[in-house]
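Subject: Structure handover and notes

Dear colleague,

Please find below the structure I promised to pass on, with the sequence alongside. My notes follow it.

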Amino acid sequence: MELTNNPALLWFVGAYGVVMIAMGIYFSKKIASSEDFILAGKGLGTIVLTGTLLATWTGSGSISGGETSMAFSYGIIPALLMMLPTLVGIGILYLIAPKIRQFGKYTVSGILEDKYGTTARMIASIIIILAFVGIVSYQMTGLGFILNLTTGMSVEVGTIIGAILIIFLATIGGLRSVAPTDALSAFLAIAALFITLPTIFIIAGGWDEITANVPADHLTATGTLSNVQLLGFLLPSLFLLLGDQNMYQRLASSSGDKSSKKAQIGWLIGMLLISPSISFISFASRSLFPDIDPGMALMATTVVMPTVVGGILLAAATAFIVTTGNSYLLSAATNVTYDIVGKFIKKDATDKQLLKMTKLFIILLGLLAYLLIAYFPTVLEVQMYAYTVYGAGLTPAILAVFFWKRVNAAGGVASMVAGVITTLIWEIPLGKPFDLNSVIIALPVAVIVLVIVTFMTTSTTEK
């Protein structure tokens, strides 16, 4: 089937964009301090917290990469398996959420500083910025895909428009405005996916017709991937989630432990609904549009469905992409402000000055994110890079803070450095040897270095 533009869908995307901007402006008026901007005044209730956890985690990584690209490129089973790391990660975060709230920090770097010292805070901030700018960049591309589908404009021009929208919404209201728009986006997306799934299966001719039109290896357990290659796609999301500063900030923003626990259960249930739906819709798209960019698989289905159904899905996809971009951009800017400028350059900055600096860095990092996407040919590739830089560079050291009392500063710092350097070497000068994602190498290196250096630098009296 030929992929054609449907300009009528733009009305749905535009209407939702107006709603998001209006909500952002409204809630921005409630900001009185940097805590309001970054942690929403630590007053998020169960429903809003559930929605913001869902929307932040399910952005363009799922809509254009993740389950979408996996279903299109490798098959339905690998796509469904992409849900497992998220479920495991949510379960572990459920256990440590009270400890995260006890730390009361704006950033993960602040938590690491308490255990490993100032050097760890600086290194962690750099790693977070490297990873989060990458994540923001493919949110911008996701919006480029949507505008290409609806108007026919080039993906490049659409990406510029997406960049402007994401930067603007992150700048005006911080988490105070991002969280409510996240919640609305999440619940709209669940409804849209449940309407879309049966509709697209009917249009595609049913399961038998879909499977007849896809390559035979797309129905096997690992598709065209080896077991090790499949593991290379599963591990990055798990280790990003386990140490994700965005999730830590949201858990710290809850109104209490009870709200946090209920929200995490809601997050788990939401992912059980969202992730498989995206996988099956994208798999059906592979049957209908075999020659499109894998990142467009989910969104391409909107042009063959009834306009109202397609419009609702496209609006939901837009919502997920924008809210995730906002969140990661805000989080990265927070690191620059509090962990670098406020810690080492302008130590006497007032709360008002810190707030202004955070907004400035949102704009600067947003521009950097736009430039970065030019270096990666697909959304899935930049997604794996960003997840691994974070997951291998930070997560082993973060989890050790909560689960291994013996870990020391030398082990934590050495692990962070080893994880990120191994990732960058594997991805850039070596160019991913054997077509393996860098997590397969970088994560074991980070863990081994953490353990060995800790044991080597622990004195006899400490043992």
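This is a predicted model, in which local features need pLDDT of at least 70 and side-chain atom pairs count only at pLDDT 80 or more, while totals for chains, interfaces and linings use all residues. Residues are numbered from 1 along each chain as its sequence is written, and side-chain values use heavy atoms, with hydrogens and water left out.

I begin with the aromatic residues. The structure holds nine aromatic pairs, where rings of Phe, Tyr and Trp (its six-membered ring) pair if their centres lie within 6.5 Å, and where planes under 30 degrees apart count as stacked, over 60 as edge-to-face and the rest as tilted. One of them is the stacked pair of Phe201 and Trp207, with 6.2 Å centre to centre and 5° between the planes. Trp207 also forms a tilted pair with Phe283, at 5.6 Å centre to centre and 35° between the planes. This second pair links distant parts of the chain, since Trp207 lies in helix H11 (residues 206-212) and Phe283 in helix H14 (residues 257-288), 76 residues apart; helices here are DSSP runs (H or I, at least four residues), numbered from the N terminus. Phe201, Trp207, Phe280 and Phe283 form one aromatic cluster.

As for accessibility (buried means under 20% relative accessible area, exposed over 50%, partly exposed in between, with a 1.4 Å probe and protein chains only), Phe283 is buried at 0% and Phe201 is buried at 18%, whereas Trp207 is partly exposed at 35%.

Val228, in helix H12 (residues 227-243), is likewise partly exposed, with a relative accessibility of 41%. Apart from neighbours within four places in sequence, Val228 is in contact (heavy atoms within 4.5 Å) with Leu436 and Ile440, and its C-alpha atom is separated by 9.3 Å from that of Asn437, 209 residues apart along the chain.

The last item is a helix pair. The axes of helix H20 (residues 409-427) and helix H21 (residues 439-457) come within 8 Å and cross at roughly 155°, the axes being lines fitted to C-alpha atoms over the stretch in contact, with angles that run from 0 to 180 degrees between N-to-C directions. H20 and H21 are therefore roughly antiparallel to each other, a term used for angles over 145 degrees, with under 35 counted as roughly parallel, 65 to 115 as roughly perpendicular and the rest as oblique. The residues that make the contact include Ala410, Gly411 and Trp426 of H20 and Ile441, Val445 and Thr457 of H21.

Best wishes

How values were computed: Helices (H or I, at least four residues) and strands (E, at least two) are DSSP runs, numbered from the N terminus.
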